[in-house]
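Work through these exercises with the sequence and the model side by side. Try each task before you read its solution.

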Amino acid sequence: MSEIELKLLLDADHAAGVLQRISRLGIADGEQHCRLLRSIYYDTEARALQAAGISLRLRHDGTQWLQTVKQRGRIAGGLSQAEEIEQPAPEGRLRLAAIASKPMRKRVRALVGNAPLHPVVETDIRRTSFDITLDDGTQANIAVDAGQIKAAELSRMLNELEIELVRGDPKSLYTIARAVLPEGGLQFSSLSKAARGFLLAERGYIEPPAKPRMARKVALDPANTVQQAARASLRECLDQVTANIQAVRRLDTAEPPHQLRVGLRRLRTALSIFKPIVDCPERVDLVEDCRWLAHQVGRLRDLDVVSGTIVTPLAAAHGGEAGFHSLTEALDEQTAQVRDALRHLLIGRRTQSMLINLAEFIEAGDWAASSTPAKGERSAMSVMKYARRALDRRWRNTARHAEGIASFDLRQRHTLRKKLKALRYTVEFFSPLLPDKRMRPFSRRLKTLQAVFGDLNDAAMAETTLTAAPFGAMADPMAQRAIGRVIGSCQTKAEHSWAHAQALWDDLAACEPPWK
């Protein structure tokens, strides 16, 4: 049986609030149901089932034992899809011969072989659930799980919200999530309870520690359709954004806001690349939300760059002048305030709304519903053919904006910087489809040219930041002197870099694009 559910992590306070809100909303079909669920997950010593994406479980639900085999599907945007086979297990004993699906029974037996099965993970969960029906006829079960996951003599608490589709459109699961979690702070769950248990046994935790998450290659295949490629690319962007939101919330380092801003820019690029496939009002709203959030994150990122990348090396070079000390203190104070404000924003309503809308758009969006014949034809097109066209358009657009580069003013330089960034992200999205030998020289030249524009952007950003409040109003003349040194140094570096821009562009233009 196919199981589709939306999984969200909760903290203890949220769990209680969710239960109260469901009762107030009046969407429940009757009273809540409470059960104590004890589950035991089995595997071989070599973890043969886990490696194959299969979990084998005995569960006591308060009245009987059940044996469940679950084939792990995909969890993306919190939406979990898996195949589940369940039947009674008299006296709480495993019986592989009782697995109702013959193909699954054969597969499990082949994986296990003659190896004995051992209990690896145990969960003790108090489940409070409601059956609900929406106005459109969608039926679902919403459950708040609170309890312990135990493995390798370790125990960790878990609070989780599961919204399982019984009948209807998966889009409705996101509608329900909006209703029961309106205040913000949402975190999609990316792991099953079984996976968390095995993680506890192997690593000592049930949720990987927050850390900066860089962009990863999208697993594209030339056999993919454009629609498949669009979903895969957008999923990668959502994963990068959500991981770095958690990292910004928990870490005080400069890398998380940097990677969050990169993720948002890549997301906007992907929504642009695949616009002919995913064009709809929801896409327009998502682009605007990305732009808004990137602007908010950019305030922190700019302060991190000014403080850590620009001011700190200059302060060291100038022997610790008093003005640099005052400026550094002011930067640290302002950075802490902006980081705190951003953290509040990241758990706020607008950010949560954006994440739910994006996940729904990716996982449950019916992009073909309003398709014209031309749009339908593009959706089914080979991704290789589409990639070549998309890359050609980006390249021609970038080349057009690079004409006359030697005499560019600041506005034209800024425009070309954005075009180069979009070109680079587009190349990276489609890189799994392109020959690596031709990718390397093109990417290397593109990154070298982008570094010139990075110096230009740093100079403009440093001047804007340090001449605005609170730095521009600092009464300490030594601090103002340090600010002058910083701005002058950045401008000198930028002009020195720009002297090579024409040659670097010519070098890139002479390199045959890897998609040709």
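**Exercise 1. Describe the chain as a whole.**

Solution. Start with burial: 48% of the 516 residues in the protein chain are buried. Buried means under 20% relative accessible area, exposed means over 50%, and partly exposed is in between (1.4 Å probe, protein chains only). This is a predicted model: local features need pLDDT of at least 70, side-chain atom pairs count only at pLDDT 80 or more, and totals for chains, interfaces and linings use all residues. Residues are numbered from 1 along each chain as its sequence is written, and side-chain values use heavy atoms, leaving out hydrogens and water.

Next, take the secondary structure. The protein chain has 17 helices and nine strands. Both are DSSP runs numbered from the N terminus: helices are H or I with at least four residues, strands are E with at least two.

Now the box. Along the principal axes, the C-alpha atoms fill roughly 80 × 55 × 50 Å.

Last, the contacts. Of those with a separation of 6 or more, 73% join residues 24 or more positions apart. A contact means heavy atoms within 4.5 Å.

**Exercise 2. Which parts of the chain does the salt bridge of Lys-193 and Glu-160 link?**

Solution. Find the pair first: the N to O distance is 2.8 Å. Lys-193 is in helix H5 (residues 193–203), and Glu-160 is in strand E8 (residues 154–167). These are distant parts of the chain, 33 residues apart. Check burial: Lys-193 and Glu-160 are both buried.

**Exercise 3. Is Arg-213 buried or exposed?**

Solution. Arg-213 counts as buried, because its relative accessibility is 9%. Its salt-bridge partner is Glu-236, at 2.7 Å from N to O. Arg-213 sits in the loop between H5 and helix H6 (226–250), while Glu-236 is in helix H6. Glu-236 has a relative accessible area of 8%, so Glu-236 is buried.

**Exercise 4. How many residues apart are Arg-424 and Glu-428?**

Solution. They are four residues apart in helix H14 (residues 410–430), about one turn of the helix. Arg-424 is partly exposed because its relative accessibility is 26%. Glu-428, at 27%, is therefore partly exposed.

**Exercise 5. Find the charged surface patches.**

Solution. Use the rule: patch residues have over 30% relative accessible area and no salt bridge, with like charges joined within 9 Å and nonpolar side chains (Val, Leu, Ile, Met, Phe, Trp, Tyr) within 5 Å. The negative patch gathers Asp-135, Asp-136, Asp-169 and Asp-366. Asp-366 lies in the loop between helix H11 (349–363) and helix H12 (373–379). Asp-366 counts as exposed because its relative accessibility is 54%.

The positive patch holds Lys-385, Arg-389, Arg-393, Arg-396 and Arg-400. Arg-400 is in helix H13 (residues 383–402). Accessible areas come from the Shrake-Rupley method with a 1.4 Å probe; for residues, only the protein chains shown count as cover.

Note on methods
A salt bridge is a side-chain nitrogen of Lys or Arg within 4 Å of a carboxyl oxygen of Asp or Glu. Lys and Arg count as positive and Asp and Glu as negative; His and the chain ends are not counted. The place of a charge is taken as NZ of Lys, CZ of Arg, CG of Asp or CD of Glu.
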